[in-house]
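Hi everyone, thanks for coming. Let me put the structure up, and then I'll walk you through a few parts of it.

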Amino acid sequence: MINGNFVTAFIAAAGMGKRMNAPINKQFLSIEGVPILAQTIKKIEASKYVDFILLIIKSSDLNYLSQIISKYKINTNYKICYGGNERQDSINNGLMNMPKSTDIILTHDGARPFVCVEKIDQAIESVFETGACTLANKVKDTIKVSYDGKNADYTPNRALLWQVQTPQVFLADVLKSAYKQAYSEGYYGTDDCSLVEKTGRKIKLIDNSYDNIKITTKEDLIFAKAILRKKDL
């Protein structure tokens, strides 16, 4: 809780993980012997502000999650709910299953286990500035825009570009309103912030470490092990 506001953290772990090409969903793969999702959960519940955790998974993955809970425990109050066809549908299911006392919503990818706890807290503290904020990195590479997927049409100014991460944090009424508008307009966004932007609200960007990767491909597992080794030095 922060300033009397009840904080619910959504951990989105209902993705298919097709790019990983693994026999189980990526969140349940292990890095150095510990499942990715278990590492993510521990980071979120280490926040001094998170009051409740909502675990959003595929119904077919309940057994995997049960094994994690049995072995690693969850000391924060939590609930399990099931995802939808798209991530947006999964978060929407979360909105319908979160505690009614929720004042602040944090959404985080289950496959981002390296988020810094201090940055989680900073994001929660910053939400009062605009009602919405996200961890992000300044883009390091030059980006090209291609309309046909074959040829570069123009190069946006790299100094203006940010790579958005999670967690993303919102005042509950702000996110609920954004989701209501998105579904009424038939709009699907690539992240929660994009839905809030459609309502005209500004998103505060919080500069973050490049270690906060989303583990999506087999190559990311190699990067993940390197990050863990660096943290152990």
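Helices (H or I, at least four residues) and strands (E, at least two) are DSSP runs, numbered from the N terminus. Among the buried residues of H1 are Leu 37, Gln 39 and Ile 44.

Quick note: this is a predicted model, where local features need pLDDT of at least 70, side-chain atom pairs count only at pLDDT 80 or more, and totals for chains, interfaces and linings use all residues. Residues are numbered from 1 along each chain as its sequence is written, and side-chain values use heavy atoms, leaving out hydrogens and water.

Leu 37 and Ile 44 come back in the largest nonpolar core, which has 30 residues. By nonpolar core I mean buried Ala, Val, Leu, Ile, Met, Phe, Trp, Tyr and Cys residues joined through side-chain atoms within 4.5 Å. A second, separate core has 24 residues, including Cys 81 and Met 98.

Now, how many salt bridges are there? Six, counting a side-chain nitrogen of Lys or Arg within 4 Å of a carboxyl oxygen of Asp or Glu. In one of them, Asp 192 meets Arg 87 at 3.2 Å, N to O. Asp 192 sits in helix H6 and Arg 87 in helix H3, so this pair ties together parts 105 residues apart in sequence. Asp 192 is buried, at 0%, whereas Arg 87 is partly exposed, at 25%.

Key
Buried means under 20% relative accessible area, exposed over 50%, partly exposed in between (1.4 Å probe, protein chains only).
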